[in-house]
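Trainee: I am new to this structure and would like to learn how its features are read. May we go through them one at a time?

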Amino acid sequence: MIVEQIMKRDVYALTPKDTLNDALKLMREKSIRHIPIVDDEENVVGLITSHDVKNALPSCLKEENNPTIYDTPIEKFMVKDVIVGHPLDFVEDVAITFYESKISCLPIVSGGKLVGIVTSSDLLYAYIELTGAHQPSSKIDIRLKDKVGTLADVLTLIKKHHANVLSILVFPDTENNDSRIISIRIRMMNPLSIITDLRNNGFEVLWPNVPGVNL
């Protein structure tokens, strides 16, 4: 999945000369928390978030006791070293950028121009969609030997039960370096027959871990 598939294209932006009050008003009216700041050619030159606004207003009012701080240009408070992304970036790489840089949004530019924005909420929703967790389904966790063919054997068995696989996630096994934990989400509300079949064929089902569990 690439960024252009999840980014918001209708981006609300302001200019450096707009005021703090303009930013506060726009955030309230549009229910947004991030505003890219652009120049006359739509190049991203800054970013201001609701966190920045909240931090700016109390400190300035306390020190200056001057309500006209609301009329101060955004350029005084905006973040100027803005990390940006591209529409063709992979969502996984963007998620790493969010994690490593501790950011909550990423303006998306193409040809130097602002074309979209991705927030942490967008990434979370993309993850939910990718895993199929928002659909009626069940999750089965299996410990598999880390060798060729084991996952294919599991999928062949699931196919016998005419179950649709929505997603497959692979996690390291903290108890055994020679194994992996495979989390398979299938479009079936009661996969007890699959779980029984898996166990009968020697697979270690970790979740559900009790036969007949209410899924």
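This is a predicted model: local features need pLDDT of at least 70, side-chain atom pairs count only at pLDDT 80 or more; totals for chains, interfaces and linings use all residues.

Trainee: Is Asp 141 buried or exposed?

Mentor: Buried means under 20% relative accessible area, and exposed means over 50%. Asp 141 has a relative accessible area of 13%, so it is buried.

Trainee: With which residue does Asp 173 form a salt bridge?

Mentor: The partner of Asp 173 is Arg 143, and their closest N and O atoms are 2.5 Å apart. Asp 173 belongs to the loop between strand 6 and strand 7 (179–186), while Arg 143 belongs to strand 5 (residues 138–145), so this pair ties together parts that are 30 residues apart in sequence. Asp 173 is buried, with a relative accessible area of 5%, and Arg 143 also counts as buried, at 16% relative accessibility.

Trainee: Which residues do salt bridges with shared partners join into one network?

Mentor: The network consists of Arg 143, Asp 173, Glu 175 and Glu 204.

Trainee: How many salt bridges does the rule give?

Mentor: The count comes to eight. One of them is the pair Lys 8 and Asp 122, whose side chains meet at 2.5 Å, N to O. Lys 8 lies in the segment before helix 1 and Asp 122 in helix 4 (residues 120–131), so the bridge ties together parts that are 114 residues apart in sequence. Asp 122 is buried at 11% relative accessible area, whereas Lys 8 is partly exposed at 41%.

Trainee: Let us turn to backbone angles. What is to be noted about the phi of Ser 31?

Mentor: Most residues other than glycine have a negative phi. Ser 31 is not a glycine, yet its phi is positive, about 55 degrees. Ser 31 sits in the loop between helix 1 (20–30) and strand 1 (34–38), and it is exposed, with a relative accessible area of 68%. His 162 likewise has a positive phi of about 55 degrees without being a glycine. This histidine, His 162, lies in the loop between helix 5 (150–160) and strand 6, and it counts as exposed at 76% relative accessibility.

Trainee: Is the peptide bond from Trp 207 to Pro 208 cis or trans?

Mentor: Most peptide bonds are trans. The bond from Trp 207 to Pro 208 is cis, with omega near -5 degrees. Pro 208 is placed in the segment after strand 8 (204–207).

Trainee: Which residues does Phe 98 touch?

Mentor: Phe 98 is found in helix 3 and is buried, with a relative accessible area of 7%. Beyond four places away in sequence, its contacts include Ile 103, Cys 105, Leu 106, Val 118 and Leu 123. Phe 98 and Leu 123 are 25 residues apart in sequence, and their C-alpha atoms are 9.4 Å apart in space.

Trainee: Which residues form a nonpolar patch on the surface?

Mentor: Val 165, Ile 168 and Val 170 form this patch, and together they have about 210 Å² of accessible area. Val 165 is found in strand 6 (residues 165–172) and is partly exposed, with a relative accessible area of 33%.

Trainee: Finally, where does UniProt place the feature "domain: CBS"?

Mentor: The unreviewed UniProt entry places it at residues 7–63 and 78–137. In the model, the end C-alpha atoms of residues 78–137 lie 44 Å apart, and that span is 38% helix and 22% strand.

How values were computed: Residues are numbered from 1 along each chain as its sequence is written. Side-chain values use heavy atoms; hydrogens and water are left out. Patches are made of residues with over 30% relative accessible area and no salt bridge: like charges are joined within 9 Å, nonpolar side chains (Val, Leu, Ile, Met, Phe, Trp, Tyr) within 5 Å. Accessible areas come from the Shrake-Rupley method with a 1.4 Å probe; for residues, only the protein chains shown count as cover. A salt bridge is a side-chain nitrogen of Lys or Arg within 4 Å of a carboxyl oxygen of Asp or Glu. Helices (H or I, at least four residues) and strands (E, at least two) are DSSP runs, numbered from the N terminus. Buried means under 20% relative accessible area, exposed over 50%, partly exposed in between (1.4 Å probe, protein chains only). UniProt positions are given in the numbering used here, feature names are shortened, and annotations may be inferred rather than shown by experiment. Contact means heavy atoms within 4.5 Å.
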